Amino acid sequence: MVVRIRLARHGIKIRNRPFYNIVVANAKTPRDGKHIEKVGLYDPIPNELGIKNVELNTDRIKYWLNVGAWPSDTVARLLSKAGIMPTLPKDVNKPKNKKSKLSVNPNNKMKDISSEQNS
């Protein structure tokens, strides 16, 4: 069973006031589905002082990381800012861009249609 540490959205959706629980869940469960344990809270909307609220249960997060849980990209960024995880490069979990299969042959030249029509 692959376990992930990720965000589960809560809050009022009508007024665009989300907040997120940081949860440990099976990788195959839906975002807002059943989770194993709640390990934190993240409010992305800053308060009057411009500070975003992040509450973390560091002991339980360290336990789940040692057991082998994988954090999502956003949770990994939050954990690295809190000093729980080392900072990761931006493109660690993202696949490399594949080159397009279209190839351009430089030897093919387009014919000038207007000069052929005038002749």
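Which residue in S2 does isoleucine 5 stand opposite? I looked this up in the predicted model. Isoleucine 5 faces valine 24 in S2.

**Entry: the sheet**

I traced the strand pairing next. S1 covers residues 3-12 and S2 covers residues 17-26. These two strands run antiparallel and are joined by 10 bridges. I then followed S2 to S3 and found antiparallel pairing over 5 bridges. S3 and S4 are antiparallel too, with 4 bridges. Put together, I read an open sheet of 5 strands. Its order is S4-S3-S2-S1-S5, and the pairing is mixed.

Why is one side of S4 and of S5 left without a neighbour in the sheet? S4 (53-56) and S5 (70-71) stand at the edges, and each has a single partner strand, so one side of each has no neighbour there.

**Entry: S3 and glutamate 37**

I asked how enclosed S3 is. In S3, 6 of the 7 residues are buried, so the strand is largely enclosed by the rest of the structure.

Glutamate 37 lies in this strand. Is glutamate 37 buried or exposed? Its relative accessible area is 19%, and the cut-off for buried is under 20%, so glutamate 37 counts as buried.

I then looked for polar partners of this side chain. One is the side chain of arginine 60, at 2.9 Å. Another is the side chain of tryptophan 64, at 2.7 Å. I also noted its contacts beyond four places in sequence: Ile22, Val23, Val24, Arg60 and Trp64.

Tyrosine 20 has tyrosine 42 as its bridge partner in S3. Tyrosine 42 in turn has valine 54 as its bridge partner in S4.

How many aromatic pairs does the count come to? I get 2. Tyrosine 20 and tyrosine 42 form a stacked pair, with 6.4 Å centre to centre and 25 degrees between the planes. This pair links distant parts of the chain, since tyrosine 20 sits in S2 and tyrosine 42 in S3, 22 residues apart. I checked the accessibility of both. Tyrosine 20 is buried at 18% relative accessible area. Tyrosine 42 is buried as well, at 8%.

Tyrosine 63 and tryptophan 64 also pair, with ring centres 5.3 Å apart. Their planes stand at 75 degrees, so I log the pair as edge-to-face. Planes over 60 degrees apart fall in that class. Tyrosine 63 is partly exposed, with a relative accessible area of 40%. Tryptophan 64 counts as buried, at 12%.

**Entry: the core**

Which residues touch the most other members of the largest nonpolar core? They are Ile5, Ile22, Val39 and Trp64, in a core of 17 residues. I sorted the core by element. S1, S2, S3, H1 and H2 each give two or more residues. H2 gives the most, with 4 residues.

I opened the surroundings of isoleucine 22. Leaving aside neighbours within four places in sequence, its contacts include Ile5, Arg6 and Leu7. Further contacts of isoleucine 22 include Glu37, Val39 and Tyr42. I also found Leu56, Val75 and Leu78 among them.

**Entry: H2**

I went through helix H2, residues 73-82. Val75, Ala76, Leu78, Leu79 and Ser80 are buried there. What covers these buried residues? The cover includes S1, S2, S3, S4, H1 and S5. Just after H2, I noted that glycine 83 takes a positive phi of about 90 degrees.

**Entry: before S1**

Last, I looked at valine 2, in the segment before S1. How far apart are valine 2 and alanine 69 in sequence and in space? I find 67 residues in sequence and 7.2 Å in space, C-alpha to C-alpha. Valine 2 touches Ala25, Asn26 and Ala27, with residues up to four places away in sequence not counted.

Notes
Residues numbered from 1 in each chain as written. Predicted model: local features only at pLDDT ≥ 70, side-chain atom pairs only at ≥ 80, totals over all residues. Heavy atoms only, no water. Pairing = 2+ DSSP bridges. Buried < 20%, exposed > 50% of the residue type's maximum accessible area, 1.4 Å probe, protein only. Polar contact = N/O pair within 3.5 Å; in protein donor to acceptor, adjacent residues only side chain to side chain. Contact = heavy atoms within 4.5 Å. Core = buried A, V, L, I, M, F, W, Y, C linked by side-chain atoms within 4.5 Å. Phe/Tyr/Trp six-rings, centres within 6.5 Å; stacked < 30°, edge-to-face > 60°.
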